[in-house]
Amino acid sequence: MKHWAAFAIIVLVISGALVWSEIHKVEAPVWPEPILNLVADGEHELTRLPVAFLPLSDSEEIKIGKELEKSYAGFWRQGGDEAQNRAIEDYVQKVGAQIAAHARRKLPYRFHYIPSLDFVNAFALPGGPVFIGGGLMALMDTEDELAAVLGHEIEHIDHYHCAERIQVEAALRRIPVGQLVALPVEIFVAGYSKNQELEADREGTRLAAAASYSPQGAIQMFEAFERLYPTKNVRSGTPQEELSEIARKALEGYFRSHPLNAERIDQIRRMIAGGQVPAWNRTKPFPLAYLFLTERAWRSLQTALARSYPYLSAKEKQKQEAERVKQYQEAARLASQALDRKPDQPRAMEVLAVAKFALGDYAAAAAIYHKLVPDSPTFADGIRVYADALARQALVTQQYEKAAKLARQSLELQPNQPDALKILAEAQFWTADFTGAAETCHKLNNLYPQAADEVRLYADRLALTYWGKHQYQEAASLAALSLDLKPGQPQALAVLAKARFSLANFPAAAEAYRKLLDLRVSDAEAVRSYADSLSASSLTPKTARDFETWRAAAQPRNFAQTTEWRVEAAGLLLMTGDGAPARALVAEAQTPERSLITPESLGRLGWWYYRAGNYEVSLSVLRQAVAARPGNLTLQTAVAWNELAEHRLEDAIRRFTAAGGGASWNSPVMGRAVARWQAGRTAEALTDFDEAARAFPEWRNPRWVQALFPAPIAQTVAQMDAEWQKRPHTAKP
């Protein structure tokens, strides 16, 4: 009841303060922190009153502290160099013992080092244990700063702050003091009230001075805090920011420990001015500073090397890269400082070399590498590993020229090294340096066949990517390179054949399709594409017989396959002037009850008649096929091309429109464009031309069109292309 009464009084005081502030306006920024501090002070005092008169005995406090110390010892996972961590802890214990010798209470003070740069703090436990984090020590330039921190924590013990903390926790949790071993460590890390913190500052500074350390150590420590964690009140720009800042100030600024850095510095300076502590300006060097400078440099390097996200906007990429450069510069600066304090440290040299590598100072990086090789080969190789990581990172962020340059620099350090060769080859793929890529891949294949095979698989994937983007030359070059490394790959042969066909290199496409069919004789699409490639070449009876030779040598697996091959052979002969095989197939199809020619195969034969310029027979054959398969859009499109050839433009437009977009190279969209152009509907024709040319850029290659379509079609397409090019508002594919 008394507790709630006291809390009610506090609320009334706050309300009165708010009313008074409204009546008596002051020229000062409005900030809720003083009121929140008042509430917090009142609440804190309420919990402290019962324990002020019942201090723990030293023996009981020491016992509890030891149990907590044992419990917390494994809280922070040990990491890094164990010998280095032991050396730092020995140093902390040595300095701590010198300070503790002057403490008022003679307790078994013990000092522990937490090897984590993320722990920028220190804390004490009842009865003597003190812990300090690597992140806090990394801010120090002098031993006096360490003495000030350790003195501060000792005074939290010496003045019963830690003991009171566990008694308060015991009261709040309603458990006996002796059972507090399970208390979370945050209870002690969070800090104490403002008065207790200032008291620990004063008495800790006196304690350090008694051990011959300068009070400047405390000032330097608080100044370091202020540089990294400013405590000045910055006015928020929006109501949302202000509310967030209120919460942060209330929880972090008060309950989570310490007064403003400026206030703490002012207190120490007043102590010096008042003669309470010596006005010594001299400070002792911090002998282990180089270790923490190196750790901080390494941390900056890791931050710079953090995962990149390739699918950012150009502005976001620029911002990310600028931040990365800052981190590399910071790593180089810190590593250089570490080496100034202790030259020839292998790890600091490695960090500096990698940072120089990233910043483009390859000569400096190489000089450090060669200096490390004789006595510290592992650290030297680390430079090469990081160089490869930088090159790989450049690949991920699509900086292909940079990736190639970094890979070459890595190879300068260690020639013919497989990781760098792989990165170089991949970068060369992306920059279309296929001659260089072939040389790199052959070198890999001779020295590291498994690595070469990994690069080959990468080339296969990239060839498909290029094919999907209509970059046919790149796709063909990569597929050819892959086949050079490992002949007879069906996937690579398929990409090579399709790319060559799209480039209008029909003889080479026919050669690739023939090799593919030697591996996949049952691939019906490859059979048709092989025949199309032969027909688009300088077709002669001999060329047609090449297909017949292949058909005779191959072994069809079923009657359907035999029929499909007969259709392709007949089509090729038809285009050379020999129509007998085609007429035989048409005759067979006239008796559907006895014929095994499918409507789809019959439609393909109708297309061959169209290619041969015999539109009357083509339409007759196609209509028979459409009658059996009216929903087959490929057949409908073939009919429309024939209607277009006979100048039945509106019929052709309707049929092309009904066929939709179509995924074949004889696109219904381009057919409709031709029909609309010939009908004088120029704007609609150019819209269709744009759509079709984006889907199949082959249409803009006159050689390709002339080889596969009648001359009037090729002429109309050329006219549309010329007009389309004149229109700058049209987005070009």
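Reader: Why does Arg629 count as partly exposed?

Author: In this predicted model, Arg629 has a relative accessibility of 37%. Buried means under 20% and exposed means over 50%, with partly exposed in between; Arg629 therefore counts as partly exposed. Glu600, at 37% relative accessibility, counts as partly exposed too.

Reader: What makes the pair of Arg629 and Glu600 a salt bridge?

Author: The closest N and O atoms of Arg629 and Glu600 are 3.2 Å apart, and the cut-off for a salt bridge is within 4 Å. The pair links distant parts of the chain, with Arg629 in the loop between helix 30 and helix 31 and Glu600 in helix 29, 29 residues apart.

Reader: How do you know that Glu263 and Lys194 tie together separate parts of the sequence?

Author: Glu263 forms a salt bridge with Lys194, their closest N and O atoms being 3.4 Å apart. Glu263 lies in helix 12 and Lys194 in helix 9, so the pair ties together parts that are 69 residues apart in sequence.

Reader: Why are helix 23 and helix 24 called roughly antiparallel?

Author: Their axes come within 8 Å and cross at roughly 155 degrees. Angles over 145 degrees count as roughly antiparallel, and helix 23 and helix 24 are therefore described in that way. Their crossing is left-handed.

Reader: Which kinds of residues make up the contact of helix 23 with helix 24?

Author: Among the residues that meet are Leu493 and Phe501 in helix 23 and Phe506 and Leu516 in helix 24. The residues of this contact divide into 13 nonpolar, no polar and three charged.

Methods. Residues are numbered from 1 along each chain as its sequence is written. This is a predicted model: local features need pLDDT of at least 70, side-chain atom pairs count only at pLDDT 80 or more; totals for chains, interfaces and linings use all residues. Side-chain values use heavy atoms; hydrogens and water are left out. Axes are lines fitted to C-alpha atoms, for helices over the stretch in contact, and angles run from 0 to 180 degrees between N-to-C directions. Helices (H or I, at least four residues) and strands (E, at least two) are DSSP runs, numbered from the N terminus. Angles under 35 degrees count as roughly parallel, over 145 as roughly antiparallel, 65 to 115 as roughly perpendicular and the rest as oblique. A crossing is left-handed if the near helix is turned anticlockwise from the far one by less than a right angle, and right-handed if clockwise. Contact means heavy atoms within 4.5 Å. Ala, Val, Leu, Ile, Met, Phe, Trp, Tyr, Cys and Pro count as nonpolar, Asp, Glu, Lys and Arg as charged, and the others, Gly among them, as polar. A salt bridge is a side-chain nitrogen of Lys or Arg within 4 Å of a carboxyl oxygen of Asp or Glu. Buried means under 20% relative accessible area, exposed over 50%, partly exposed in between (1.4 Å probe, protein chains only).
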